[in-house]
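Subject: Structure handover

Hi,

Here is the structure for you to look through. Please open it first, then read my notes below.

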Amino acid sequence: MMQVSAIIPPPNSTGRPRQVDRLFGAGSFKLWALLPLLVVLVIFTLLPILQLLQMSVSELEFVEGELVSEFIGLGQLDNLAKDPIAGIALKNTLVFVVAVVLIETFTGFCLAVAISRTKTLAILYRSVVIIPLLIPPVAIGTMWSLMYDYNYGLFTTILIELGVQYPPLWTADPDLALISVIIVDVWHWTSFMFLIMLAGIESIPPPLLEAARVDGATELRTIRYVILPMMAPTILVAMLLRTILAFKVFDQIFVLTSGGPGTATQVISMHIYKVFSEQFRLGYAAFLSLMVAGFMFIFVAFYLWASRVVRRRLG
Amino acid sequence: MKQAALSKIALNLSLLIVVFIILFPVFYIVQTSLKSMADVYSGSFFFTAKTANYEEIFTGSRSNFAELTRNSLIVSSSVALICGAIGSLAAYSLARLNWRRWVAGGIIVWLLFINMMPPIVFVTPYYLWARAAGIYDTPAAVIMAHVVLNMPLAVIMMMNFFAEVPKELEEAAVIDGCSQWQAFRMVILPIVRPGLAAMAVLVFVFSWKEFLFSLSLTTTSAGRTIPVGIANFVQEFNIRYGEMAAGSFVAMIPALILVLLAQRHIIKGLTVGAIKG
């Protein structure tokens with residue numbers, strides 16, 4: 001169709017009637033149906049990023065309710081150099097992300113292998129396991145802060161019953177706070193890794209597992225030599241995706257520690273939020289946001305490329 | 001044979017422990033929500049259950065939880081409606097109406113970027129816009145942010161549902177004289193209705209649990225939603241544990257209902273962005 005029209009110009013090739021046709025003619029529904037989404041994307045995702053660019057070269061202030069903006073060029077770089085917490089937040093975020101991704105990959109994989117072997121109770125397991133992904137992270141934070149509570153919390157009560165004289169302070173101990181937050185995240189996000197891994201396991205052709213069983217392979221050997229190699233690409237991509245999502249962490253940390261004690265659990269999102277809401281430095285917050293966006297942009301592009309390669313390999 | 005039965009029991013036993021680990025914190029919060037302050041302090045497992053905490057948060061004079069619940073309901077249902085309408089129209093257009101590959105592909109990639117970007121990135125621009133538009137501290141500001149956050153889920157989930165509908169149906173409808181809009185409205189939409197419902201419910205729950213934007217775009221109970229109210233409990237000097245637990249449990253109710261409802265569609269929606277294994 002396209003080729004023919006390129007050789008023989010159609011009778012109405014002035015362009016104008018066809019443009020009008022595209023907008024109002026019989027086939028125009030295609031465009032109108034997409035338009036609301038395009039409007040949302042351009043106004044609410046593209047413009048904010050442009051605005052971040054503009055904000056991050058400015059110093060912004062509210063004077064008597066009016067926004068006053070002053071151009072400072074690359075002045076925010078000086079602010080970054082003078083901000084010791086930004087580096088700490090980056091380090092904490094990296095520790096957090098690496099820890100939760102490694103642990104949750106392991107727990108998610110074990111859970112997926114185990115649940116894929118059950119029959120009668122499978123529905124119960126699957127329903128219960130998705131609960132942590134649906135309840136508000138803030139409520140997850142309050143649940144765990146109740147259990148971590150030094151005076152009345154469950155862990156303290158149990159440890160004292162067991163005869164421990166000085167039970168740990170959990171979220172109030174600078175050395176334990178990040179670990180406490182990681183434990184909560186494992187409770188929260190293992191389910192996500194589980195869901196992806198389970199889909200991976202279920203796509204392994206049953207004859208393969210059957211063959212391993214007939215050949216007398218033990219359960220562990222089947223997992224090691226059949227399931228694990230078959231799952232390797234899925235696991236890799238799941239880890240990349242979880243890494244990206246783990247950088248979002250905010251809600252639970254806000255509730256459990258607010259980034260404290262000191263800066264022990266200060267992560268990037270928390271730091272930007274504090275710059276924005278407590279120090280009220282909008283320009284600097286925008287600058288940090290832009291850096292995060294740029295970094296994540298590259299990371300997500302890499303993820304999408306990697307998952308495409310994997311999908312092609314899986315056929 | 002005996003060994004197989006034993007390993008089966010061991011497997012189920014360890015999975016029941018996992019179930020216990022997941023459900024225990026939920027149980028613990030329900031238990032705490034039914035305790036009086038004295039029972040919380042004594043830390044005992046045996047106490048008389050009272051609904052005083054629930055009464056206090058909803059009807060107490062110093063509690064704004066009723067307003068927050070109202071805001072949460074307004075925000076989440078508006079977001080589900082808007083995302084349902086815009087998302088299903090766009091998904092249909094992208095999945096079925098022969099866009100060039102770079103157009104459809106480009107939009108989907110952009111949606112995935114939005115889905116994976118830490119939301120804090122959008123907080124400062126949205127804050128300034130909400131102030132400029134005069135909607136700061138209203139549910140409208142929170143709705144605006146939540147619609148954007150949930151749009152990737154809405155579009156991508158609906159595209160999967162539309163892809164499952166046989167193409168012959170629309171073709172038959174168009175041959176019978178339907179316009180494309182009529183074919184969509186009267187033939188295709190009724191078929192994907194269960195999927196559309198699942199998407200809308202999931203968007204509702206995601207909006208219901210969102211915290212960062214509700215926190216940043218509001219400052220009083222005129223615009224705040226339930227998660228912000230719960231977080232405020234923790235920051236008080238003397239934490240009212242019982243009321244905090246009661247509020248947290250109310251916040252979990254939509255999620256718990258959802259778990260009892262449709263499963264298959266929900267699981268697909270929870271892993272948007274993951275490759276199909």
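Helices (H or I, at least four residues) and strands (E, at least two residues) are DSSP runs, numbered from the N terminus. With that in hand, chain B reads α-α-α-α-α-α-α-α-α-α-α-α-α-α along its sequence. That comes to 14 helices and zero strands.

Some ground rules. This is a predicted model, where local features need pLDDT of at least 70 and side-chain atom pairs count only at pLDDT 80 or more, while totals for chains, interfaces and linings use all residues. Residues are numbered from 1 along each chain as its sequence is written, and chains are lettered from A and ligands numbered from 1 in the order in which they are written.

**Chain B**

The C-alpha trace of chain B spans about 75 × 70 × 30 Å along its principal axes. Chain B has 277 residues, and 48% of them are buried. Buried means that 20 or more other C-beta atoms lie within 10 Å of the residue's own; exposed means 12 or fewer, and partly exposed is in between, with C-beta atoms placed from the backbone. Two residues are in contact if their C-beta atoms, placed from the backbone, lie within 7 Å. Take the contacts in chain B between residues at least 6 apart in sequence: 78% of them join residues at least 24 apart.

**Where the chains meet**

How many residues of chain B are in contact with chain A? The count is 74, and they meet 82 residues of chain A. Helix H1 (residues 2-33) of chain B gives the largest share of chain B's side, 12 residues. By class, that side has 58 nonpolar, 14 polar and two charged residues. Here Ala, Val, Leu, Ile, Met, Phe, Trp, Tyr, Cys and Pro count as nonpolar; Asp, Glu, Lys and Arg count as charged; the others, Gly among them, count as polar.

**Two domains in chain A**

Chain A is divided into domain 1 (14-74) and domain 2 (77-314). These bounds come from an automatic or database domain assignment. The C-alpha centres of the two domains of chain A lie 34 Å apart. Nine residues of domain 1 of chain A are in contact with eight residues of domain 2 of chain A. On the domain 1 side, helix H3 (29-55) and strand E1 (58-63) of chain A each supply at least two residues. The largest share of that side, four residues, comes from H3(A). The residues of that side divide into six nonpolar, two polar and one charged.

**The core**

A nonpolar core is a set of buried Ala, Val, Leu, Ile, Met, Phe, Trp, Tyr and Cys residues joined through C-beta atoms within 7 Å. The largest one has 168 residues. A:Met197, B:Val155, B:Met158 and B:Val203 have the most contacts inside it. Helix H7 (residues 139-163) of chain B gives the most to this core, 18 residues. Why does the core lie between domain 1 and domain 2 of chain A? Because both domains give residues to it. Now look at B:Val155. Leaving out residues up to four places away in sequence, B:Val155 touches A:Leu37, B:Gly87, B:Ala90, B:Ala91 and B:Leu111.

**The hairpin in chain A**

E1(A) and strand E2 (residues 66-71) of chain A run antiparallel, joined by six bridges. Two strands pair if DSSP finds at least two bridges between them. A:Ser58 has A:Phe71 in E2(A) as its bridge partner. The hairpin has two residues between the strands, and A:Glu64 takes a positive phi near 50° in it.

**Backbone details in chain A**

Which peptide bond is cis? The bond from A:Gly260 to A:Pro261 is, with omega near -10°. A:Pro261 sits in the loop between helix H12 (251-256) and helix H13 (268-277) of chain A. A:Ser258 is in the loop between H12 and H13 of chain A. Although A:Ser258 is not a glycine, its phi is positive, about 55°. A:Phe280 is not a glycine either, and has a positive phi of about 55°. A:Phe280 lies in the loop between H13 and helix H14 (282-314) of chain A. Is A:Phe280 buried or exposed? A:Phe280 counts as exposed, with 12 C-beta neighbours inside 10 Å.

Best wishes
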